[in-house]
Amino acid sequence: STTHRLALIPGDGIGQEVIPPATAVLDAVGRRHGITFTYDTLDWSCERYAHEGAMMPADGLDRIAGHDAILLGAVGWPGVPDHVSLWGLLIPIRRRFAQYVNLRPIAVFDGVRSPLADASGVDFVVVRENSEGEYSEVGGRVGTDLALQEAVFTRTGVSRIADYAFALAEQRRKHVVSATKSNGIIHSMPFWDEIVAERAARHPDVAWRSEHIDALAAKLVLDPRSIDVIVASNLFGDILSDLAAAVAGSIGIAPSGNLNPEREFPSMFEPVHGSAPDIAGKDLANPLGAIWSAAMLLEHLGHAEAAEEVTAAMRAQLAEGSRTKDLGGDVGTTEFTAQFLARL
Ligand code: NAD
Ligand code: IPM
Ligand code: MN
């Protein structure tokens with residue numbers, strides 16, 4: 001039997017409501033597959049910030065560097081500026097652990113209504129650059145009337161995300177769309193395009209094209225079935241992933257893996273959604289984004305079969321009409337989770 005040590009950061013708002021369902025699912029499939037999980041639950045959050053003046057302890061990253069993976073709910077809460085919660089926790093974890101791939105699969109499940117007339121068969125992955133780009137630390141306020149931020153794109157950074165996307169496409173339908181804005185406006189984007197083209201040349205079996213981010217956003221709504229793998233910069237990938245999640249029925253389902261492909265450091269799994277202050281504490285949160293993220297964690301740790309059981313249970317439960325409110329149903333978080341565990 002295998003034991004995995006996980007760092008849990010439920011965080012704020014519905015983060016605290018969706019992580020217990022996810023760990024209950026891990027425990028349930030773990031029992032059947034001889035996998036034991038031990039959890040170190042960390043109170044790193046805006047609540048901690050309010051008491052201690054910091055989202056996490058000064059040596060927080062060292063404390064989780066040796067874990068097998070990190071499972072995070074979401075951070076951010078009214079009263080604490082988002083730049084404090086994000087630069088104080090989420091972004092340092094992604095950067096320190098070189099989680100430069102943010103992998104965000106999108107699928108339309110039977111029983112889930114998409115806002116599109118026909119979304120059946122939509123199945124793609126957003127490969128988001130997760131360590132640089134528009135999310136740079138270069139810039140800030142200049143006096144009272146000016147704010148600047150430099151986008152930072154490095155040859156290493158663009159090459160490795162492109163390589164990941166092309167390798168992934170080789171395992172799928174062999175098609176990549178690179179999100180760009182190279183039409184003379186954003187200076188860093190022709191650089192991105194040039195490097196993506198260079199890396200693409202190493203994968204002659206994968207068809208690919210560049211598409212302007214604005215047109216691609218429209219394509220995502222008009223013809224999402226044509227998409228297999230999207231490779232995008234940090235900000236473009238962030239925006240496309242919420243759009244794609246909505247196209248697939250709800251942001252409450254969408255999962256993500258912040259991956260360190262070299263496995264030198266722990267990877268972090270978290271739903272795409274945030275802390276949802278508008279529904280927090282009301283038993284309304286859809287736990288599937290966190291549960292699917294836990295399935296990605298299983299797969300990352302080498303348990304593909306156990307991961308498949310979790311996604312199969314998601315498919316079955318949605319197909320049978322058990323749905324939380326974001327999906328048009330009336331099943332609460334607690335009841336939905338109980339049904340899910342019974343199914344497993
Ligand atoms: P959000 O994702 O929290 O909420 C957007 C909308 O989607 C809300 O109407 C919410 O009710 C709904 N929603 C989100 N998740 C849902 C779920 N599981 N089930 C049902 N409905 C769900 O985005 P926001 O409102 O822009 O951000 C709120 C806070 O979360 C901010 O502080 C933001 O910075 C933070 N945030 C954190 C993360 C993270 O930690 N990874 C990610 C995104 C946003
Ligand atoms: C996400 C979130 C974060 C991001 C925010 C909260 C900084 O929106 O994980 O998608 O933009 O990366
Ligand atoms: Mn986002």
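Author: Val 18, Ile 19, Pro 21, Ala 22, Val 25 and Leu 26 in helix H1 meet Gly 289, Ala 290, Ile 291, Ser 293 and Ala 294 in helix H9; two residues are in contact if their C-beta atoms, placed from the backbone, lie within 7 Å. By class, the residues of this contact are nine nonpolar, two polar and no charged. Here Ala, Val, Leu, Ile, Met, Phe, Trp, Tyr, Cys and Pro count as nonpolar, Asp, Glu, Lys and Arg as charged, and the others, Gly among them, as polar.

This is a predicted model, in which local features need pLDDT of at least 70 and side-chain atom pairs count only at pLDDT 80 or more, while totals for chains, interfaces and linings use all residues. Residues are numbered from 1 along each chain as its sequence is written, and chains are lettered from A and ligands numbered from 1 in the order in which they are written.

H1 covers residues 15-33 and H9 covers residues 288-300. Helices (H or I, at least four residues) and strands (E, at least two) are DSSP runs, numbered from the N terminus. The axes of H1 and H9 come within 8 Å and cross at roughly 40°. Axes are lines fitted to C-alpha atoms, for helices over the stretch in contact, and angles run from 0 to 180 degrees between N-to-C directions. The crossing of H1 with H9 is right-handed, the near helix being turned clockwise from the far one by less than a right angle.

Next come the strands. An open sheet is formed by 10 strands in the order S2-S1-S3-S12-S11-S4-S5-S10-S8-S9, with mixed pairing; two strands pair if DSSP finds at least two bridges between them. Its edge strands, S2 (35-41) and S9 (207-212), each pair on one side only. On average, neighbouring strands of this sheet are turned by 25° against each other, direction ignored. Within the sheet, S4 (residues 101-107) and S11 (residues 255-259) are antiparallel and share three bridges; Asn 102 has Asn 258 in S11 as its bridge partner. Helix H7 (residues 213-222) lies across S8 (175-180) and S9, at about 110° to S9.

Another strand pair is S6 (residues 139-142) with S7 (residues 146-149), antiparallel over four bridges. Gly 140 stands opposite Leu 148 in S7. Three residues lie between the strands of this hairpin, and Gly 143 takes a positive phi near 65° there.

Lastly, the ligands. Around ligand 1 there are 20 residues, of which Gly 76, Gly 252, His 273, Gly 274 and Asn 286 come nearest; a residue counts if its C-beta atom, placed from the backbone, lies within 6 Å. Gly 274 also belongs to the residues around ligand 2, with Leu 86, Leu 90, Asp 238 and Val 272.
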